[in-house]
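Please open the model in your viewer and keep the sequence panel beside it. The stops below each give a selection and then what is there.

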Amino acid sequence: MATGDRADFNGILLYTKDYRERDLLVKFLTREFGKKMFLVRGAKRPKFKMRAAILPFTYGLYGGDIQSNGLSYIINDKRLDHFQAMAEDIAKNAYATYIMSLIDLAFQDGEPIPAWYDKLLVGLNLINEGFDAEIIANIFEIQLLKPFGVAPNWVDCAICHRRDLPFDYSETYGGLLCQNHWDKDPYRLHLDPRTIYYLRLFSVVDLSKLTHIKVNDTTKKTLRQVIDQIYVRSVGVTPKSKRFIDQLGKFKI
Ligand SMILES: [Zn+2]
């Protein structure tokens, strides 16, 4: 077996996956090494000692054997925390899982993304504390567009760069169009000013400074539709966990 580097890492557990009879694969977003897959030997044995370290919605400080290629290993856990509310609330669970699967899809394994680690930790804490999980998910969806290779211009008109006129969103121009240029795109999305306002806000909002956000149900529904449309047409990936979010949406009527 090749030996990697022994190192401590801060990790947020993204998911676990069955592997062989007694073992599990555990994917972490680490602050130091990006996303890494860990092989946890004996994790399915009844007397496995590090059970708490690999429960869903766990984060903490771990000691590991970090391989640059292939599977890494967890040696011990040094400090553990759990997002308790997510284990108990089906909607929080669904949105948190969805956000983590988007991050998993948006970045390559092993690419250090400490800013996204910090952002995910803050976002999951907000959901855990009772912030609107739908809105937190929307903020991640909008801010992840750039790593997904879609970088809409949410700042000014894509054609004339004016900022003082009503905007609409154009997929053709990859961003906003001011009222003077709406005729350039017959397929512009015809969004209302409130939806545009939140899309622009979500693109720049700093989650760590978020203290309050309240969006009415009609606008939430429109945001869901437009973000779905951008993801389907421009991003082209939909994590499996999104299906459950869609089902939750149907129950809410
Ligand atoms: Zn313009």
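Two strands count as paired if DSSP finds at least two bridges between them, and strands (E, at least two residues) and helices (H or I, at least four) are DSSP runs numbered from the N terminus. This is a predicted model, in which local features need pLDDT of at least 70 and side-chain atom pairs count only at pLDDT 80 or more, while totals for chains, interfaces and linings use all residues. Residues are numbered from 1 along each chain as its sequence is written, and side-chain values use heavy atoms, with hydrogens and water left out.

Select strand E3 (residues 34–40) together with strand E5 (residues 72–82): the two run parallel and are joined by two bridges, and Leu39 has Tyr73 of E5 as its bridge partner. Widening the selection shows five strands that close into a barrel in the order E1-E2-E3-E5-E4, with mixed pairing.

Next, select Phe28 and Phe38, whose ring centres lie 5.5 Å apart with planes at 90°, so the pair is edge-to-face (rings of Phe, Tyr and Trp, the last by its six-membered ring, pair if their centres lie within 6.5 Å; planes under 30 degrees apart count as stacked, over 60 as edge-to-face and the rest as tilted). Phe28 belongs to strand E2 and Phe38 to strand E3, so the pair ties together parts 10 residues apart in sequence.

Trp116 lies in helix H3 and Phe140 in helix H4 (residues 133–143), so the pair ties together parts 24 residues apart in sequence.
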